[in-house]
Amino acid sequence: METEQLSMVSYKELQDQYEFDVFPKRDIVITKGKDALVWDVEGNEYVDCVAGIGVATIGHANDYVVKAVSEQAAKLITCPGIFYNDTKAELLEKLIEITPESLTRAFLTNSGTEAMEAAIKLTRLATGKTKFISTMKGFHGRTMGALSATHKADYREGFGPLVPGFSFVPYNNFEKMAAAVDEDTAGIILEPIQGEGGINIADEEYLRAVRKLCDEKNIILIIDEIQTGFCRTGKMFAIDHYGLQPDVMTLAKAIGGGFPVGAAVFSDKIEVAKGKHGTTYGGNPLACAAAKASIQFMLDNKLWVEAEEKGTYFRNKLDTIQSDKIRSIRNMGFMFGIELREKVQPYLLELMSKGVLALPAGKTVIRMLPPVPITYEQIDKTTDALKDILK
Ligand SMILES: *Cc1c(COP(=O)(O)O)cnc(C)c1O
């Protein structure tokens with residue numbers, strides 16, 4: 001069993017039997033990836049617009065990351081935060097260089113939800129206030145704090161009592177946001193584009209007004225760029241489109257080229273005593289090597305420019321699709337939502353049978369987060385498949 005290649009059916013059986021499964025699954029066993037393509041165990045090829053749920057922005061098996069991780073693995077894999085480390089120091093410098101000016105120091109984690117936990121905990125500690133306001137349809141993670149900031153009933157139900165002090169207002173509605181603030185409001189938590197919630201894009205005046213409100217009321221503005229960050233939207237970060245300076249920014253997904261890495265990046269408004277928060281794995285040398293290499297690849301290739309150009313090409317192709325099934329198409333750069341007038345799940349399966357992998361965002365939106373190294377032929381294959389299934 002160890003030496004011979006198992007078939008699709010046997011891997012599926014193994015996982016069905018032994019995995020504590022939390023995800024509804026599609027019936028393919030993916031074994032290999034390169035750039036925008038992945039292959040299943042039977043050798044079928046797919047254009048991967050799931051990209052690890054927006055993780056593989058620089059593509060699968062990126063040469064920079066493969067080399068950095070291999071070399072670092074042979075040198076030093078683990079080093080706790082109580083010591084200094086060369087690779088970590090270099091990553092931190094790079095991260096602060098590319099994030100907005102207001103942000104001066106980063107806390108490294110293993111995931112997005114942990115970055116949110118750090119943002120929430122340290123905002124409470126630094127401000128001495130307890131309440132947070134986030135938005136309906138927003139998504140911030142699955143651990144108790146991040147989940148408490150997440151609105152969707154499906155994700156929350158059955159897990160209560162959640163963390164007290166969280167409230168929700170409609171996205172892109174400044175009046176409701178301002179009305180929800182009181183003297184105990186510690187932070188406002190926002191995605192610049194709601195990813196999971198359906199690719200909903202923030203208005204510029206809205207973000208400006210929220211920034212001003214936070215300044216006036218001494219509220220920490222926490223921007224969740226876990227899905228929108230690292231070139232996805234045609235800039236290094238989505239808020240770079242708006243010139244917005246956050247007090248805290250949370251990052252993960254594409255930062256490590258596939259390797260699990262996250263970060264909460266803080267401005268000087270957040271100061272806390274040492275010893276109050278921590279992580280064993282967060283910021284380990286292997287993760288730092290992956291993130292450093294991944295960011296270097298983005299910078300060397302001006303990947304945000306490529307995301308913008310290919311995003312425009314993709315958008316123009318989508319706009320030629322004549323279909324009554326499409327309600328609207330939304331994108332910023334290479335982050336796409338195609339909202340249908342019906343449920344998307346059957347269409348996602350049809351796309352898969354045509355060799356294209358895509359995600360839902362809610363029940364009626366097809367979400368596409370293609371790896372930026374995707375070729376124009378692969379984009380054509382993707383939009384042709386969409387045209388076919390939506391006609
Ligand atoms: C994916 C995501 C998270 C959670 O990240 P995990 O690494 O899955 O914990 C938080 N916020 C946003 C906007 C995300 O897209």
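Modeller: Start with a polar contact, a pair of N or O atoms within 3.5 Å. Here, a ligand nitrogen is 3.2 Å from a polar backbone atom of Phe139. The protein covers 82% of the ligand's own accessible area of 380 Å² (Shrake-Rupley method, 1.4 Å probe). This is a predicted model: local features need pLDDT of at least 70, side-chain atom pairs need 80 or more, and totals for chains, interfaces and linings use all residues. Residues are numbered from 1 along each chain as its sequence is written, and side-chain values use heavy atoms, without hydrogens and water.

Colleague: What is the make-up of the shell around the ligand?

Modeller: A residue is near a molecule if one of its heavy atoms lies within 4 Å of it. The shell includes Ser111, His140, Glu191 and Asp224. Its residues divide into 2 nonpolar, 6 polar and 3 charged. Asp, Glu, Lys and Arg count as charged; Ala, Val, Leu, Ile, Met, Phe, Trp, Tyr, Cys and Pro as nonpolar; the others, Gly among them, as polar.

Colleague: How much space lies in the second largest pocket?

Modeller: A pocket is an open set of points on a 1 Å grid over the protein atoms alone, where a 1.4 Å probe fits, with protein on both sides within 12 Å along at least five of seven lines. Lining residues have an atom within 4 Å of a point. The volume is the space filled by probe spheres set on the points. Here that is about 950 Å³. Of the 25 lining residues, those closest to the centre are Gly81, Lys88, Ala106, Phe107 and Lys274. β4 gives the largest share of the lining, 4 residues.

Colleague: How do I read the open sheet of 4 strands?

Modeller: Strands of a sheet pair through backbone hydrogen bonds, either parallel or antiparallel. A strand is a DSSP E run of at least two residues, and a pair needs at least two bridges. The order here is β1-β2-β3-β15, with mixed pairing. β1 and β15 are the edge strands. β1 and β2 run antiparallel, joined by 4 bridges. Lys34 stands opposite Leu37 in β2.

Colleague: Which peptide bond is cis?

Modeller: Most peptide bonds are trans. The bond from Gly160 to Pro161 is cis, with omega near 0 degrees. Pro161 sits in the loop between α7 and β6.

Methods: A polar contact is a pair of N or O atoms within 3.5 Å; within protein, one must be able to donate a hydrogen and the other to accept it, and residues adjacent in sequence count only if both atoms are side-chain atoms.
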